[in-house]
Amino acid sequence: MTGWLGRVLEVEVGAVAHGGHCVARAEGRVVFVRHALPGEQVRVEITEDNGGSFCRGDAVEVLVPSPHRVPPPCPLAVPGGCGGCDWQHAEPDYQRSLKAAVVAEQLRRLAGIERDVVVEALDGGPLDWRSRVRLVAGRDGRAGLRAHHSHRVVALDDCPIAVPGELDDVLARRWRPGSELEVTQDGDGSVHVRELSTVRGKVRARQLTGGVAVQHAAGRDWRLDAHGFWQVHPAAASTLAAVVGEWAEAPAGGSAWDLYAGVGLFASVLAAQVGTAGRVLAVESGRRAVADGERNLADLPQVSWRAGRVEHALASADKPVDVVVLDPPRKGAGKAVVESIVAGAPDRIVYVACDPAALARDVATFAAHGYSLTDLRAFDAFPMTHHVECVALLS
């Protein structure tokens, strides 16, 4: 069953799967196909085959197209091209329906939950939204993005999903081959560039422009490390903060935890709800983020900070707690963190998730402790890619 690499097969494309591809079948094997849409008839070239029951490929010719297929706005969003986007060949509305199907499938398969899902668009449209980009310099010194599942660098002249003007200076010059470039355009339009290079096995960072970003969300102005965590889509931070505020309903004088707090976006919302008589514990592992958070929320004495792993910080946290908000990294919270949260006996848990599979696994773990999924919203915070941002309410 091995040795299909480079082989071209004619297949009928089936359902969308998590990860920016669709599922097809050929000669008893599953083929994960990129650059295709459900219902299409395509010729797929196998690009990865490690043996076993599945392999991966690109749709190199579309024989029967989907009615939802459109020309990609970027000439590099093609087989063998840039790996940064997944769905440029699909209508924006249809992209959201594909993402909704993925979220619903992950909840069904991993958490046993049947639920209709709608992915909502954010303000601004499907292009010109990406305010943070990490590039790499190829052998010729030109900056670009890697091809899908590859170290090969695809040089860029432009990027239609990036905020206009953000990459102009970086793409206009040559860099040391292999250098990585972190580019951020903040809420005031300033561009921040940091170069990362590896010398004798050690990564060295050199700030070329800026360094401290200004952002605006949840009715506040924020100053933070330009390359630390902040939502990539300009409309995402305020949108998510509004949903968290609506669902948290932290009582006046009550207590709340903001876990994986970043610089305290959700902690600021919780602090307004509990008031000066309440308390909010913000937990974040990044010490620079904690320092930025303490400065940004210095006017909110009800917020206290702990730097470190969530499960360690919660071991000595005051209990019980009324409300918990968590926004874990892509891998999710995991069993130890879920059990630490449950030990606080919160009435409500608001879970912000950037990966539907991780969300579904953690929802299943919460369910084993008596918490049920009572509401869910999903947002297209990463148009043209397979990524989707969800907010779940557990009670």
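## Close-ups of buried charges, annotated residues and salt bridges

View 1. D258 is buried but makes no salt bridge, and R220, the nearest side chain of opposite charge, sits 11 Å away. Here, buried means under 20% relative accessible area, exposed means over 50%, and partly exposed is in between (1.4 Å probe, protein chains only). A salt bridge needs a side-chain nitrogen of Lys or Arg within 4 Å of a carboxyl oxygen of Asp or Glu. For charge, Lys and Arg count as positive and Asp and Glu as negative, while His and the chain ends are not counted.

This is a predicted model, so local features need pLDDT of at least 70 and side-chain atom pairs count only at pLDDT 80 or more, whereas totals for chains, interfaces and linings use all residues. Residues are numbered from 1 along each chain as its sequence is written, and side-chain values use heavy atoms, with hydrogens and water left out.

D258 belongs to strand β16; strands (E, at least two residues) and helices (H or I, at least four) are DSSP runs numbered from the N terminus. Its side chain reaches the backbone nitrogen of A267 at 2.9 Å. Leaving out residues up to four places away in sequence, D258 touches G264, F266, A267, L270, L281, A282, V283 and V325, where touching means heavy atoms within 4.5 Å.

**View 2. Y260 and E284, two of the annotated residues.** The unreviewed UniProt entry lists Q231, Y260, E284 and D327 under "binding site". Those positions follow the numbering used here, feature names are shortened, and annotations may be inferred rather than shown by experiment. Look for Y260 in the loop between β16 (255-259) and α4 (265-274). Beyond neighbours within four places in sequence, Y260 is in contact with V283, E284, V310, L326, D327, P328, P329, A333 and V337. E284 is part of strand β17 (residues 279-284), and it counts as buried because its relative accessibility is 14%. With residues up to four places away again set aside, the contacts of E284 include Y260, A261, G262, W305 and R306.

**View 3. E120 and R377, strand to strand.** The closest N and O atoms of this salt bridge are 2.7 Å apart. E120 is in strand β7 (residues 119-121) and R377 in strand β21 (residues 373-380), so the pair ties together parts 257 residues apart in sequence. E120 is partly exposed, with a relative accessible area of 26%, and R377 is partly exposed at 27%.

**View 4. R142 and D157, a loop-to-loop pair.** These side chains meet in a salt bridge (2.7 Å, N to O). R142 lies in the loop between β8 (132-137) and β9 (143-146), and D157 in the loop between β10 (153-155) and α2 (168-171), so parts 15 residues apart in sequence are tied together. R142 counts as partly exposed at 24% relative accessibility, whereas D157 is exposed at 68%.

Key
Polar contact = N/O pair within 3.5 Å; in protein donor to acceptor, adjacent residues only side chain to side chain.
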